[in-house]
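Hi,

Here is the structure I said I'd send over.

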Amino acid sequence: MTPLLEVRGLNKSYPAGRKGLFGKRMMQVLRDVSLTVQPGEVLGLVGESGSGKSTIGKAILRLIPSSSQAMRFDGQDLNTLPSADLRRLRKDMQIIFQDPYASLDPRKTVRAVLSEALDTHDLHRGAARQPRLTALMEMVGLNPIFLDRRPHEFSGGQRQRIGIARALAVEPKFIVCDEAVSALDVSIQAQVLNLLADLRAKTGISLLFISHDLSVVRYISDRVMVLYLGRVMEVGGADQVHFAPRHPYTAALISAEPSLGHAPDRIRLTGEIPSPLTPPSGCVFRSRCPYALPACAETAPELRPAGEGRLKACIRDDILQGT
Amino acid sequence: MTALPLAARRSRRLPKLPKRMILPAVLLALLIVTPFAAPLLTPYDPVQISVRDRLAAPSWEHWLGQDEFGRDRLARVLYGGQVSLTVAFVATSIACVIGTLFGLIGAYFRGPFEFVTTRLADVVLCFPPILLALLVVTLFGPGADTLVAVLSILYFPAFARIAFSEALRVSALDFVEASRALGTPSHRIVLKTILPNIAGPVSVQYSLTAAAAITIESGLSFLGLGVVPPAPSWGQMIRGARAFMNQDPLGILIPCVALTLTIYAINFFCDRLRDTLDPKGNAGGKDVTSVPAPGRAPVQEEADVIASVRDLRLELRHPKGAVDVIEDVSLTLRANQCTALVGESGSGKSLTSLAIMGLLPGAIRQADGALHLRRKQGGMVDLGALGPKALEDVRGNDVAMIFQEPMTSLNPIHKVGAQMVEAILSHRKMPRAEARSRAIALLELVGINEAARRFDGYPHEMSGGMRQRVMIAMALTCEPRLLIADEPTTALDVTIQAEIIELLQKLRQDYADGLSLLFISHNLGIVSEIADRVVVMYSGQVVEEGPAQQVLTDPHHPYTRALMESMPSAHADLHSARGDRLQAISGTPPLPDARPSGCSFRDRCPMALPACAEARPPLFASADGSRAARCIRAPEAQEAA
C-alpha cells in the first residue's frame with residue numbers, strides 16, 4: 001500500500017543568536033526524522049517539551065519552512081508544490097490545536113469559523129451551506145442552534161469540538177492533532193477521544209496524534225514514534241512500545257508516568273534535558289541514560305530494526321528485550 | 001478558578017454603545033458638528049473686513065466681538081474650526097490607513113516587509129516633528145494641503161508601529177495558524193482575521209493622534225507655516241490676536257478655549273474608549289485579599305491536627321446576588337500526612353487552599369465556616385480572628401504555598417539567592433551571612449546540584465524542574481508545618497514530574513518535625529502515588545473522602561468512579577482501532593449559578609435515581625468513620641465493600 005504521507009530526512013533549525021562576528025548559531029530542533037502514515041492509520045508522536053513533536057506537525061503542513069529529502073502527501077511532492085496547488089491541497093490536510101482558547105477567533109461566530117473553511121475551498125455554497133453546517137455541528141456533538149454564538153460562550157471542551165469541526169469541514173484525509181486533548185479535564189478529554197475514535201471508524205481518516213501523554217497516545221494510535229531532542233528514539237506498534245519498550249528513553253518515559261494503584265519500579269533519569277543548542281555528542285540521550293556505555297558518546301546511533309515492525313536508535317541489544 | 005469565567009463572560013457581552021461612552025461621544029460629536037454648522041449659526045463671512053469696527057466688544061450683532069480687522073470672531077472661530085478639524089482628521093485618517101497597512105503587511109509577511117516597515121518608521125521618528133514640518137513647508141510652500149501631507153508623514157510611523165506589534169501578537173495565535181492551514185488567502189487572513197483583532201489599539205491611537213494633529217496644525221499656522229491668511233484657522237487667530245493681547249485679551253482667549261475644549265473632548269473620548277476596549281477594565285472587583293471571617297465556635301482538636309477547615313462556604317459577589325462557589329467544605333490536615341484535593345477545573349480545590357492562606361480574590365467572600373491553623377508555638381489559632389498583619393506572619397512561618405508555574409512566582413530580574421535571603425530575613429532577624437548559608441543549605445535539601453553556584457544565578461537560567469525545586473526551597477525557608485502545593489507538577493514533563501514527586505515524598509519524611517502536605521491535583525495517578533488521604537471535590541463540594549488507597553481502588557461516589565474510568569491509563573486493554581470507547585462522563589460540570597437541584601452531579605450520573613433531584617445529599621460516613629461520600633447510594637456501596 002502506498003502511504004498517504006511519507007517524510008524522509010526532515011530537518012529543522014532555528015537561528016539562535018550569533019556566534020562570533022559573522023557566524024550564525026543554529027539550533028537544530030529536528031534531525032533526520034522520517035515517518036510514514038498509511039491511509040486510515042493513526043501515528044502517535046510522543047516526547048517531552050523540546051523534543052520537536054509539534055514542529056514536525058507544522059513542518060508537514062508547511063506552516064513553517066523546513067528541509068527534507070522527501071515529503072510526499074497523497075502522491076504529490078510537498079517540497080516542490082507551487083503555492084496555489086498547496087492551497088488546494090490544504091483541503092486534504094488539517095490541524096487541531098492544543099489551546100481551545102487561542103485557536104478560535106474571539107470575534108467570529110461558529111458559523112463564520114466554519115464558513116471560512118468552506119468558502120476557501122468553494123464547498124457547499126448557497127442552499128447547501130446550512131445543512132452542511134448543521135451536519136458538522138452534529139458530527140462533533142454540538143447543538144446546531146449554537147452556530148451563531150461566539151467562542152467565549154462555550155466551555156473548553158466545546159471549543160475543542162468547534163476546532164475539530166473546523167478541521168473536518170473540508171473533509172480532509174489527514175489531520176494533525178497537536179496536543180488536541182491535553183488542555184482538557186479528564187472527563188472532557190475522554191469525550192473528545194471517543195469523538196476522534198468514532199471519526200476514525202466512520203471516515204477512515206488518518207491522524208498524526210501529537211501528545212506528551214503516553215496512555216492517551218497508546219489508546220488512540222496504531223503506531224507510536226518516540227522523540228527526544230529532535231531525534232527519533234523508537235518506532236513501533238502502540239501496544240508494543242507501551243508495554244515492551246526497546247529504547248531506554250521510552251522505558252524511562254513510561255515508568256515515569258504516574259499510575260493508579262501500584263507504584264512502578266521507576267527508571268531514574270539523572271540530570272536535566274540538555275539544551276538543543278549544545279546536544280551531547282553521539283547519542284543525545286546518553287547524558288541521562290542509565291544504560292549508557294562509553295561507546296554511546298562516539299557516534300549517533302542509527303535507527304535499526306528491533307523486532308517485527310519496530311525500530312530503535314540504541315546500540316545496546318542486551319537490555320529491554322521483554323515482550 | 002470559578003470566579004474567572006463569570007467575570008469574563010460579563011465583560012465580553014457588551015452592548016453596542018456602552019453607557020460610559022455616551023457622554024464623551026455626544027460631547028465629541030457636538031464639537032465636531034458645530035463648526036460645520038457655521039452658516040446656520042452666523043450670517044457673517046469670516047474674511048469680511050470692517051476696519052471701522054476693529055476690536056469691537058461683543059454685541060448683539062457680534063456675540064464674540066470683532067477682531068483686529070473688524071472680522072466677526074464667532075464666524076472666524078467656527079470657520080477656523082472647520083479648517084483645523086478637517087486638516088487634523090484628514091491627516092490622521094491618511095496616516096492611520098497607510099500606517100496600519102504597513103504594520104499589517106510587515107507583521108504578517110515578515111522578512112523584507114518587516115524590515116521596510118520598521119526602518120521606514122525609524123527614519124521618520126528620527127526627525128524632530130517641527131523640523132520635519134518646517135522642511136516640508138519650506139519645500140512646498142504653506143497651505144492646508146501641505147499641512148495634511150506633513151501631518152500624515154509625521155504620524156504614520158506611530159500607526160505602523162502599533163499595528164505591527166499588535167499584528168505580530170495576533171499572528172502568533174493559533175486561530176491565525178488555523179486559517180493558514182485551511183488555505184485561506186493571505187489578504188483575507190490579514191483583513192478579516194487580523195485587522196478586526198487589532199482594531200482596538202489602533203482606534204485609540206487614532207483619537208490620540210487627531211488631538212495631537214490639531215495642536216500641531218495650530219502651532220504651524222501660528223508660525224505662519226500653515227493655513228495662508230486671510231483664511232481662518234485657530235492658529236491664525238492666535239497669531240493675529242497676539243499683538244493686541246494687552247488691549248483685548250478676549251481675542252486670544254476664544255481660539256484657545258476652542259482648542260482646549262476640542263482636545264479635552266477627544267482625550268476624554270480616548271480614555272473611555274481605551275477602558276471600554278480593554279476587557280480587564282470591566283472585570284470589576286479589585287484583586288485585594290480578603291481577611292477570613294471569624295469562625296463561629298472554638299474547636300478542640302487533637303494534637304496532630306495542623307489545620308482544620310469547618311463548613312467553609314465561599315460566595316462570589318455578583319451584581320445579581322451572591323453565588324456559592326464553595327459549599328460546606330471541611331478538611332482536617334494532620335502532621336506527617338499528605339492530603340490530596342482532587343477535582344476538575346472549577347471544582348473549587350484551588351479556592352479552598354487560597355482560603356487557608358487568607359489569599360482569596362477580592363470578589364470572593366467567606367460567608368460561613370471556620371479556618372483553624374496550628375502555630376509553631378503549639379496553639380490553634382482562628383485565622384478569621386487574626387488581623388492582616390498577623391496573617392502575614394502566619395503565611396510563610398506556619399503555612400507556605402507552591403504553584404503550578406514557578407516562573408510566575410519568581411522575580412526574573414533578581415538572583416535566586418537574593419530572593420531567598422529576602423524571604424528569610426523578612427521573617428527572621430539574623431545576619432545576612434547566616435541567611436545566605438541557610439539558603440544554600442535549603443537549595444541542597446531540595447536536590448539542587450552545585451547549590452552555591454545556583455545561588456548566584458537568575459531564574460531564567462534554570463529549567464522548569466529546577467525552578468520548582470527553588471520554589472519549594474523558598475516555601476521551606478521558615479520551616480512551615482503545612483505546605484500547600486497547587487498542581488506543582490502540571491507544567492512539567494513526566495520525567496521531571498517524577499523527580500519532584502519524589503522530592504516532596506522525601507521532604508515529608510526527613511524535614512524538620514513532620515510536614516503536612518496539602519496536594520492539589522487533577523491527576524489521580526500522581527495522587528495515588530503521594531497521598532495518604534484523598535478529598536474529591538465536584539462543583540464546590542466535597543463529594544468523597546477517605547484513605548487514598550481505599551478511595552482509589554474502591555470509590556463509593558459515582559463521580560470518583562467515573563473520573564477513574566475516563567482515564568485512558570486505567571484501560572490498558574482498550575484501543576480506538578478496535579472500536580473501543582472510553583467511559584466518558586457526559587455533559588460538563590455545572591457553573592456555580594446553574595447547579596441542578598438536589599445532587600450537583602445527578603444530571604451527569606449514570607446511577608441517578610429520581611430521589612437524587614430532591615435534596616442535596618449529606619456526606620454519608622462509612623461504618624468505621626474513615627471514609628465518607630456525598631451520595632444517597634453511598635450506604636449501598638459501603639455495605640457491598
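In chain B, the side chains of Asp393(B) and Arg375(B) come together in a salt bridge, with 3.2 Å from N to O. Asp393(B) belongs to helix H13 (residues 388-397) and Arg375(B) to the loop between strand S4 (364-374) and strand S5 (380-382), so this pair ties together parts that are 18 residues apart in sequence. Before you read too much into any of this, bear in mind that the model is predicted.

How covered are the two partners? Asp393(B) is partly exposed, at 34% relative accessible area, whereas Arg375(B) is buried, at 16%. The cut-off for buried is under 20%, which is why Arg375(B), with its 16%, gets that label.

Glu41(A) and Arg223(A) meet through their side chains at 2.7 Å, N to O. Glu41(A) sits in the loop between strand S2 (23-37) and strand S3 (42-46), while Arg223(A) is in strand S9 (residues 223-228), so the link joins parts of chain A that are 182 residues apart in sequence. Glu41(A) is buried, with a relative accessible area of 10%, and Arg223(A) counts as partly exposed at 22%.

A couple of others to click on: Arg578(B) and Asp580(B) form a salt bridge at 3.7 Å, N to O. Back in chain A, Asp119(A), Asp122(A), Arg125(A) and Arg129(A) are linked in a network of salt bridges. Over all chains, the count comes to 48 salt bridges.

Now for the helix. H4(B) has 37 residues and spans 53 Å from its first C-alpha to its last, close to the 54 Å expected at 1.5 Å a residue. What caps its N-terminal end? That is Asp72(B), which has a side-chain oxygen 3.5 Å from the backbone nitrogen of Leu74(B). After the helix comes Arg110(B), with a positive phi near 50 degrees.

Ile98(B) is one of the residues in H4 of chain B, which runs over residues 73-109. Ile98(B) is partly exposed, with a relative accessible area of 38%. Together with Val90(B), Ile94(B) and Val97(B), Ile98(B) makes up a nonpolar patch on the surface, and the four have about 300 Å² of accessible area together.

That's what I have so far.

Cheers

How values were computed
Residues numbered from 1 in each chain as written. Chains lettered and ligands numbered in written order. Predicted model: local features only at pLDDT ≥ 70, side-chain atom pairs only at ≥ 80, totals over all residues. Heavy atoms only, no water. Patch = residues over 30% accessible without salt bridge, like charges linked within 9 Å, V, L, I, M, F, W, Y side chains within 5 Å. Areas by Shrake-Rupley, 256 points an atom, 1.4 Å probe, with all protein chains shown as cover. Helix = DSSP H or I, 4+ residues; strand = E, 2+ residues; numbered from the N terminus. Buried < 20%, exposed > 50% of the residue type's maximum accessible area, 1.4 Å probe, protein only. Expected span 1.5 Å × (residues − 1). Polar contact = N/O pair within 3.5 Å; in protein donor to acceptor, adjacent residues only side chain to side chain.
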